[in-house]
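Subject: Structure for your review

Dear colleague,

Please find below the structure that I am handing over to you. My notes on it follow directly after.

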Amino acid sequence: MAISKKSNKLTQTAALKQILKRCSSFGKKNGYNNEGGLPEDVPKGHFAVYVGENRSRYIIPISWLGHPEFQTLLQRAEEEFGFNHDMGLTIPCEEVVFRSLMHQIY
């Protein structure tokens, strides 16, 4: 059983690396030429996500990638949208739910 848990952890790590790569490549595709390839309003150690019907933009810390509730949202995002698109990282939940999660994590 320990091998399965370790394998699952490696799979999650690979998925998180893929997400970060997609986030930075999205910035490069949209003309952001600063060092990290991200918009200038995204501080180092953070990334942008888009939430809700209106795709409101939120800047969140990379440390959230390890938070269990946020990982659940990432899994839903992968199931619903996949990660092979140019829309940025879109989180499939209502904004009010996402803001509530933000308050819990901070």
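In what follows, axes are lines fitted to C-alpha atoms, for helices over the stretch in contact, and angles run from 0 to 180 degrees between N-to-C directions. Helices (H or I, at least four residues) and strands (E, at least two) are DSSP runs, numbered from the N terminus. The model is a predicted one, in which local features need pLDDT of at least 70 and side-chain atom pairs count only at pLDDT 80 or more, while totals for chains, interfaces and linings use all residues. Residues are numbered from 1 along each chain as its sequence is written, and side-chain values use heavy atoms, with hydrogens and water left out.

Helix packing

Helix α2 (residues 68–81) packs with helix α3 (residues 95–105) at an angle of about 150°, and their axes are 10 Å apart. The two helices are therefore roughly antiparallel (angles over 145 degrees). On the α2 side, Glu69, Phe70 and Leu73 meet Phe98, Leu101 and Ile105 of α3 (contact being heavy atoms within 4.5 Å). These contact residues comprise 5 nonpolar, no polar and 1 charged (Ala, Val, Leu, Ile, Met, Phe, Trp, Tyr, Cys and Pro count as nonpolar, Asp, Glu, Lys and Arg as charged, and the others, Gly among them, as polar).

The sheet

An open sheet of 3 strands has the order β2-β1-β3, with mixed pairing (two strands pair if DSSP finds at least two bridges between them). At its edges stand β2 (56–61) and β3 (90–91); each has a single partner strand, so one side of each lacks a neighbour in the sheet. Strand β1 (residues 46–51) runs antiparallel to β2, and 6 bridges join them.

Salt bridges

There are 2 salt bridges in the structure (a side-chain nitrogen of Lys or Arg within 4 Å of a carboxyl oxygen of Asp or Glu). Arg57 and Asp41 form one of them, at 2.7 Å from N to O. Since Arg57 belongs to strand β2 and Asp41 to the loop between α1 (2–29) and β1, the pair ties together parts 16 residues apart in sequence. Arg57 is partly exposed, at 33% relative accessible area (buried is under 20%, exposed over 50%, partly exposed in between; 1.4 Å probe, protein chains only). Asp41 is also partly exposed, at 48%. Glu95 forms a salt bridge with Arg99, the closest N and O atoms lying 3.4 Å apart.

Kind regards

Conventions:
Parallel < 35°, antiparallel > 145°, perpendicular 65-115°, else oblique.
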